[in-house]
Structure formats: structure tokens, C-alpha cells
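Please examine the sequence and the three-dimensional structure shown here. The explanation after it takes the chains in turn and ends with the contact between them.

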Amino acid sequence: MIKVLKAGFYTSIQDKGREGYASIGVPVSGAMDTYSSDLANRILNNVETDAVLEIAFGFCAFEFLSETIICISGGHFSPKINGVPISLQTRIRVYKKDVLTFGHNSFGARCYLAVKNGFLTAQVLKSRSFFQNITLQSLLSNGDVLPIGVFAASTDPSNTSVKIVEDHFESQKIACYNGPEFDALEAFQKEALVKQVFTISNDNNRMGYRLNEVIENELPSILTSAVLPGTVQLTPSGELIVLMRDCQVTGGYPRVLQLTNTAINQLAQKKTNDTFQFVLK
Amino acid sequence: MDKIPSYKPFGKQAILIEWHQDIDAHVLEDMLRFKEEIQKERTHLIVDFIVGYHSLTLKYKENIFNYTDEIEILQSIYKKDFTAIKTPHFLWEIPVCYNLEFGVDLEEMTLKSRLSIQEIISHHSAKIYTVFFIGFLPGFLYLGGLDSDLFFDRKPTPRLKVPKGSVAIGGQQTGVYPSSSAGGWNLIGKTPINFFDVTKQQPCFAAAGDKIKFTPISLGEFHELEKEVAENKYSISKTLLHD
């Protein structure tokens, strides 16, 4: 078990999310950056579907009530055990009463804390991913006690460390395909979409990222239809919204682009005022 | 009616199938039957289906490497005669209290139209609505069939918190908020029924293709039913539909 001493700004349990419930309007959810969450699980020899903690913006603290091994991946929030800095992408043995803290951010927007055999909070509609009105909580609170998987002391304690693809955090190129309404755009609008450098506005969260720069357009709204994580919507006011993992299942704005899964993971590690360009595949 | 759908790639893991741009119950039936048939033949490849007013989106487990081939397979499935597929649909009767306590926009709506509050209520509860699909929020039903006399523009500024169970009209649509959320629709009443409950085997009782009828109840009845729902003693009145 792990006790939440300080929950931070936006800390939630996430796994691979809920597929198969779109017909009742349930979003997919799941880790925003699956590249990093998968990596943390893989280093611990966990299964891919084991739940991890997603920590956005750092500044939180946890106390281990039992021993286990952990691995942290994703953005860098100066993780420390009992005040001693620890490495990312590394198996780390922790003991009862150890305190793990996350502080200021040096790169990335979200980090993942994986524990041996995953977090075991309640599974609702086949997933442990927090989501309002589906799971009891949508965010962690101070004092929460989180059940974790069984740890057998015989588990290989060697400090496996894995290198990550640096491009994942640094790339300014967000790869995408034409969206279903891409061809409704005029040539100059299509060109603007790929030439313009876009800036992430402060309205960015697990549901979507709004961008600062606008693409003026006269596109009619569409009959409400499917949207997916990674769909880029263009609003009548010219604003672009990149939908992320917690997005609704349907929407009514034209869908001009569709991000690759890698691009969603990369965007998940960008924050307010970061810039990037769309690159069409 | 031109019912032949068109197919478009939607990223690398989805295919968007679109019918003509219309809100049409016949298209809905065609779409739902096609969905059943695809489910039978391609279920091992598909993780989810998203239904819209005139579109069906198939989400695949893996990247689709050859769209042309996959679309041809879907087209051949569509050519089959699946008109015999009959998914049972239900008519659900939803009690609604149109008291001004909940219908906070009713008075303003009478000023924007020639209808009295009583007329708005009787028009709204006279119709049988078709559930086209569920989206926006878990358990939010997109209903077709609103009386054109009841088309009211959305409010210029959305409310930050519309209470759970609110029955509302937005543009040419009517619906029920399954949970409290921000929303810009005109509030005309409230139902004590849960439209989304994860503790139930079926978190949302309704499905695309079902019908909904709103039945007016008094404030007293509302509070009684609210108690019955909370104690799990209430079951929604439903009728099996035959076509």
C-alpha cells in the first residue's frame, strides 16, 4: 500500500483505458503518454495493462506502507526517496516508511510511477483509469491509501536502467494524417496548418489542448459524429483543439487532422506556451 | 433515398462510414443493422464502434495497413441482405417534473415564442423521440424528433453547472443531462431517473434505436420517485417495440 501525503495538482491512476463503451458515451481515458507508462511497466516486468500513477506538474509526496520495487518514467520532476535523488527508467527497491517526493520540473509535463504488479484501485468498466462519474475519484487526495500488487522479495532486484528516445520530449514535429474534413479546407488553409508554428494555450488538460494561433475559416459545423484521441477540431472562430485521452466520443466541429499515437504521446509531454508544427504523413 | 454509405480512413486505426448528411431514422436503422453484421464478421479486429447521426466509426485493434482491402471487405458485407436483422428496441417512459423549480428557463422561453408554459410542456411530452446515439457525456442521449415549435437557441452564455437529471432544449435537440455538467441548453424540467450508473450491469438503460417518451409528473411525485430510485426500488416502464 502507498499513502498519499501530498496529492499535487493533477495526479490520477491510469491504465490502458476503456475500449468498448463508446456506445454509452464513455471516453477511452488511460495514460496520456503511453510510451512512458508502457516503458515504466516493462522495466518492472509488469503486464502492459497494469495501472500506474500519472503525475502532472509534480509537487507531491507518497509514503510506502509496504516494500516493493518502483520505476519512474516520463517527464522529470526531481524524484527523491527520503531526500536522495533517484533516476528515471530504473528499477528502485523501496521499503516500508520510505517517502517518495516529486518537486520541480526540468523536462516533460507528466511522469509515471509504476509499482511491481501495478496499482489495484477499483476496476470500473474494465479499467482503473480515473474519470469523473465513472470511478469514485477523478483525482487523488491527501491521505488516500492506494492498494498495490503483491511484491515477492525474490523478484530480481538488479538495477536495470533503460535509455529513452530523447526525441520523445524534444521533437517539435507532431505527425498526423488528414482528418475526415481536411478536404473541406481551402488550399491556403491546408498550407497554414502545416506552415504555422502553433503554441499550446493555458487551456490544456487530459481532455484536450487548445492552441493560440487561429485558422480563419467558414467551414460549416458537421452533424455530430465520432471523435478520437488525437483528433484536431477546427472551431468556427478558427481555434484548433487537439483532443486528448479523456475526450468525448462524439463532436460537432470539423475534424481537420488526426494525430498518430506517437504524436499524442509527444504532445502529452508538452505544456502551456510550448510550440510545435503539424507534419502531414 | 440514397442509402449507399461512403468510407474514409480516420487516422491509422479507424474507418469512418458516412451516410447522406441528414438526421433520418431510416439511416439509423440501416447503420445499426450494418453494425451488427460487421460485429459478426470482423469482431476479432474491432475494439469499438462509434455511432453518430449519419456515421458509423470502426475502431480497429491494430493499424490498418491496407485500407483499400478493408474497405472492400466492408462494402461486400454491406451488399449482403441484412434487412432481416432485428435488434429488439424498447420504448422507455421517463417521468419529468416540469415545475418552475427545475424548468428555470420556461418563463423566458414563453417570451421568445407564442407558446405558454403549459403548451411547451404538452408539446414536449406528446412526442416519441428516437435515440440516435449516446455521446457528449456518458449516458447523454442524442434524441431526434423534437417538435419544430420547440426549437430554441442555446443560451448565449452556458451555465457552469447544470444539475444532473435536467431536461433541456438546445437548438433543434432535446436531452437529459446524465450528470451535472456545464451546459448551454434551456432547462425545462428534471427527471429523477439515472441515465448513467456504473453500479448497474447496464450502466445506461437505453441504446441507439430505442424510443423515449417523457411523462409529466408533479413535484410531489418527483420527490417520491427520487426516493424510490435512490433505494433501487424503481424500474423504468418499458415496452418492446415491433417494427
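The structure is a predicted model. Its chain A is divided into domain 1, residues 2-146, and domain 2, residues 171-280. The centres of domain 1 of chain A and domain 2 of chain A, taken over C-alpha atoms, are separated by 27 Å. Across the contact between these two domains, 17 residues of domain 1 of chain A meet 13 residues of domain 2 of chain A. On the side of domain 1 of chain A that touches domain 2 of chain A, two or more residues are given by each of α1 (34-43), β5 (68-76) and β10 (107-115) of chain A. The most comes from β10(A), with three residues. Sorted by class, the side of domain 1 of chain A that touches domain 2 of chain A has seven nonpolar, eight polar and two charged residues.

The buried residues of α1(A) are Thr34(A), Tyr35(A), Ser36(A), Ser37(A), Leu39(A), Ala40(A), Asn41(A) and Ile43(A). Against which elements do they pack? The partners of the buried residues of α1(A) are β2 (10-14), β3, β5, β10, α2 (167-170) and α4 (261-268) of chain A. After α1(A) comes Asn45(A), with a positive phi near 60°.

Phe57(A) is not a glycine, yet its phi is positive, about 70°. The residue Phe57(A) is found in the loop between β3 (52-56) and β4 (60-64) of chain A. A residue is buried if 20 or more other C-beta atoms lie within 10 Å of its own, and exposed if 12 or fewer do. Phe57(A) has 18 C-beta neighbours inside 10 Å and therefore counts as partly exposed. Gln89(A), a residue other than glycine, likewise has a positive phi, near 50°. Gln89(A) has its place in the loop between β7 (84-85) and β8 (92-94) of chain A. With 18 other C-beta atoms within 10 Å, Gln89(A) is partly exposed.

Chain A also contains a barrel. Seven strands of chain A close into it in the order β12-β19-β16-β17-β14-β13-β20, with mixed pairing. From one strand to the next, the twist averages 40°. Strands of a sheet pair through backbone hydrogen bonds, either parallel or antiparallel. In which sense do β16 and β19 of chain A pair? Strand β16 (residues 231-234) of chain A and strand β19 (residues 255-259) of chain A pair in the antiparallel sense, over three bridges. Within this pair, Val232(A) stands opposite Leu257(A) in β19(A). Helix α3 (residues 187-195) of chain A packs on the sheet and touches β19 and β20 (275-280) of chain A. The direction of α3(A) makes about 130° with that of β20(A). Helix α4(A) packs on the sheet as well, touching β12 (173-178), β14 (208-211), β17 (240-243) and β19 of chain A. Its direction makes about 140° with that of β12(A).

The domain assignment of chain B gives domain 1 (6-79) and domain 2 (89-241). Their C-alpha centres lie 30 Å apart. In the contact between them, seven residues come from domain 1 of chain B and six residues from domain 2 of chain B. Helix α1 (residues 25-42) of chain B gives the most to the side of domain 1 of chain B that touches domain 2 of chain B, namely three residues. By class, that side has six nonpolar, one polar and no charged residues.

A strand pair in chain B leads on to the contact between the chains. Strand β3 (residues 46-51) of chain B and strand β4 (residues 55-60) of chain B run antiparallel and are joined by five bridges. Phe49(B) stands opposite Leu58(B) in β4(B). With three residues between them, β3(B) and β4(B) form a hairpin.

How many residues does each chain bring to the contact between chain A and chain B? Chain B brings 34 residues and chain A brings 24 residues. On the side of chain B that touches chain A, β2 (14-18), β3, β4 and β6 (128-134) of chain B each supply at least two residues. The largest share of that side, five residues, comes from β3(B). The side of chain B that touches chain A has, by class, 22 nonpolar, nine polar and three charged residues.

Key: Residues numbered from 1 in each chain as written. Chains lettered and ligands numbered in written order. Predicted model: local features only at pLDDT ≥ 70, side-chain atom pairs only at ≥ 80, totals over all residues. Pairing = 2+ DSSP bridges. Helix = DSSP H or I, 4+ residues; strand = E, 2+ residues; numbered from the N terminus. Nonpolar A, V, L, I, M, F, W, Y, C, P; charged D, E, K, R; others polar. Domains from an automatic or database assignment. Axes fitted to C-alpha atoms, helices over the stretch in contact; angles between N-to-C directions.
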